[in-house]
Structure formats: structure tokens, C-alpha cells
Amino acid sequence: MTLEFAGISKAFDGREVLRGVDLRVEAGEVFALVGPSGVGKTTLLRCASFLLRPDGGVVRFGGREAPDEPGAALALRRRIGFVAQNPCLFRGTASYNVSFGLCVRGVEGRELEERTDEALESVGLRHLANAHGSKLSAGEAQRVAFARAIVVRPEVLLLDEFTANLDPANVAQLEAAVTAYHRRSRATVLIVTHNLFQAKRVATRAGFLFDGRIVETGGVEGFFTNPRDGRTKAFVRGEMPY
Amino acid sequence: MAGDILGVTLLSLLVCASSTLIATLIGVPLGVTLGLREFGGRRLLRNLLFTLYGLPPVLAGLLVFLLLSRGGPLGGLGLLFTPLGMVFAQVVVVTPIILGITMSVVATMERRVKETALALGADRRQLSTTVLREAAAGILTAVMVGFGRAISEVGAVFIVGGHIEGQTQVLTTTIITDISQAEYGHAIALGVILLAIAAVVYSLLYRLQERTLP
């Protein structure tokens, strides 16, 4: 399913964060949106995950705008997966957390157990299925949050700085889990990150968001080795693009 | 005498438990719903509920008395000077407390809890259920405070119940009449029973609350 942002704008307390973002993520690709902190990457992702309503512009999924009718909107929302930078685990076990999305979709019995175990296995945490969420390390909690998002097999997966503040081993495990899920599902994946190395490792295309607008997009190779815009060049060199 | 005390104690328990239960059934769902929604008059409603926390029970009793008296709008129900009328009066006193605390607990709950449930595909009803589960410890606190108000309340049940011997006497109203008749020993004995009831109920609720904590 394609994911398209058309003219998205958003302001908070009079401060414009997004100023007409246009971006199209093709069906089945892994797209990395990079940019310095505070340029609106998370805001854009929250608009796509229905957690925030843009002031202007539209988000289209598979070429269609999100419907107003609550039932249809919920059905679309259930085709999107979202992992936040700081995971919020519900009270209960890792298994309870992972099964949450399946339960609200009416999955039960043996299928519920099998899919929950499978998702935990995909992030190497099956042995912690019965561990309470509050007892998990930050890395384990984020892996549970990732398993919780993919267990419902989303067609669009939105990842917001999902490995920030994690140690290299957890980063590697999560990136491998993203790649494995993408290979298996051919889902459209949009990763928001300021980690350029991660963008290179995981994505096929990348885009640079700066000052509330998309500056440029391109295939990962060209984007990082030969960017067109001076601000992108500065950013990929590790300089501030101001 | 012992039979009297047993009867008064049982009626106290029945009235307090019933009113707390009814106030919980009204206050918790309404508090969760109002706590989850952003609406124009929320601040005004919250201030009104906070004001009702301090509603003098004698005033609540007077209002319920006027409602249930023969010439009042609910006079036909025949609830005045009955245990049911006393439950009604206590529900009026306790509901704003349980509703207000529940609403505050839900409204101030970490936004990420609600967002996570929505992002995982919860509909409105499932969101409410999830919030209720996550806020269980706070909501139990609301119920505990409500029960505390009910068990210690005297003004409303005195006015609406009438403290009729063998029919509407409860521990708190009996303590008041004992004091007026200089029966201090009896009053203190009833006070000890009241405290013992509170201790047992609170320890049960506290154990339940501990189980809801991470």
C-alpha cells in the first residue's frame, strides 16, 4: 500500500512545524526519513498514524484519503503499525502486550497463542513471554513494542526513532527484525531516524526533512554519496545544515 | 442489646456497601468517559465536582429529604425513613467523589497509554476498557475514598432515615443519639465496631489495589 503525504502542514502554539510536506512512499519499499531533531519528523509520522490531525493537506493510503466514517476509519487504522521512540507497555506480561492488537481484532484461542509466540520469537524474546513489562530492560521493552506492532501484520509500518538510546546489540536485533518482517510481508515501511547509518543499512530510499519541508529524496546510494541540495550535503557530512 | 448492635451494624454495612457499589457503577464509567474526552465545559465540570466533594452531608440529606417527602417529586416512591432512602442519600454524597477522582485519574493518565491503545487498533470501547485496566489502582483509590465517606457519614442518613429504632438506625446515627443521652461507653463501643469495619474493608481493598500495581 502506498503512503502519500500531500501538502501536510501542522503548527503548535503558532509555531509552524510542518509547512506543506509532500512525500510519496511506494508500496513495499523501506523509506528512511532523516533530519535533525525538531524538524517535524515525528509530527509527520503521527499524522500518518492517526494520532495527530494535520492543519492542512491530506495523508493517502493506497491512493485514498482516510474515510470519515468511524467503522471504515478503524478498519484502515488497523492496517497501519506504529512503533514509538519510547515504548509504552501496558501493565501485564510481554505476552499480554504482544497479543493486545490481536485481541482487539477478535483473534483468540490457538491462533492468538501461536501468533503471539511467533512475534516474540521474531525479536528473540519468547523466553520472556511471561515476564512483566515493568521488569524488562529498555531494549527488551522496545523489542516487545516492535513485536506488538508486527503481530497484526500491518501493511504500512511506521517506526519513529525506534532504536534511539539502545545498545548496538539491540539495534542490530531490531534492524534485523524490520528487514525480516519486510521480506516476509512486503509491507511499506517508513522509518524516521536521525541515525544515518541506520538509514543506509535498512532503507532502499531516503528523504531529508528540514525546516518543515522535504528537501530531497532519492535512492539510498545516491542520497548519501551524492546529494543534490547543499543542506542535505551538510547533514550527511555531519554538519548542521543551517 | 447485642442483638440491637448486630442489627445496627448489619444495616450500616448494607447501606454503605450498597451506596458505594451504586456510586461506583455510576461514577466509574462516567468518570472514564468524561476523562477521555476533550470538551468545552470540562474545567467547569471538574470544578463543580470538586465543589461537591465538600458537599455538607446535612445539605445533601435535606435535598434528598425534600425530594422524597410526600409533597416532593419522588414522594410517591415511599422511600423516606427507609434504608433505601438512606442509600439514595449516600449515593448523592459519594458519587461526585468517585466520579471526580476517576475523571482526574483518567484525564491525567499518561497520554502515551491512550495513544498506544489507539495505534494498536483499539476502538472507543476497547480504549475505555484499556484505560480502565491501566488506571485500576487510581480508580480503587476513588472507591476507597468513597467508602470512607459513606461509612463515616451521619447527617444525610439521619435526616433521610429518621433513626427509627429497629428500622433505620445505623452505627453513626446511634453514636450521635448515645452521646446526646450520655451513653458514652456504648457510643465508644460502636465507634470501635465502625473502625473495625473500616479496617477490614480497607485491608481488602488495599490488597486488591496491590494486585493491580506493576
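I take two strands to be paired if DSSP finds at least two bridges between them. The model I am examining is a predicted one.

**Entry 1: the β1–β2 pair of chain A.** I looked up how strand β1 of chain A, residues 3-12, is arranged against strand β2 of chain A, residues 15-25, and I found antiparallel pairing over 8 bridges. I then followed one residue across this pair: E4(A) has R24(A) in β2(A) as its bridge partner. I noted that the two strands, β1(A) and β2(A), form a hairpin with 2 residues between them. In the turn, I recorded a positive phi of about 50° for D13(A).

**Entry 2: helix α1 of chain A.** I checked burial along α1 of chain A, residues 41-48, counting a residue as buried if 20 or more other C-beta atoms lie within 10 Å of its own. This helix is largely enclosed by the rest of the structure, because 7 of its 8 residues are buried. I listed the buried residues of α1(A) as K41(A), T43(A), L44(A), L45(A), R46(A), C47(A) and A48(A). Just after α1(A), I found a positive phi of about 65° at F50(A).

**Entry 3: the contact between chains A and B.** I looked up the residues in this contact and found 17 from chain A and 16 from chain B. On the side of chain B that touches chain A, α5 (111-119) and α6 (124-134) of chain B each supply at least two residues. I noted that α5(B) gives the most to this side, with 6 residues.

Terms used:
Residues numbered from 1 in each chain as written. Chains lettered and ligands numbered in written order. Predicted model: local features only at pLDDT ≥ 70, side-chain atom pairs only at ≥ 80, totals over all residues. Contact = placed C-beta atoms within 7 Å. Helix = DSSP H or I, 4+ residues; strand = E, 2+ residues; numbered from the N terminus. Buried ≥ 20, exposed ≤ 12 C-beta atoms within 10 Å, placed from the backbone.
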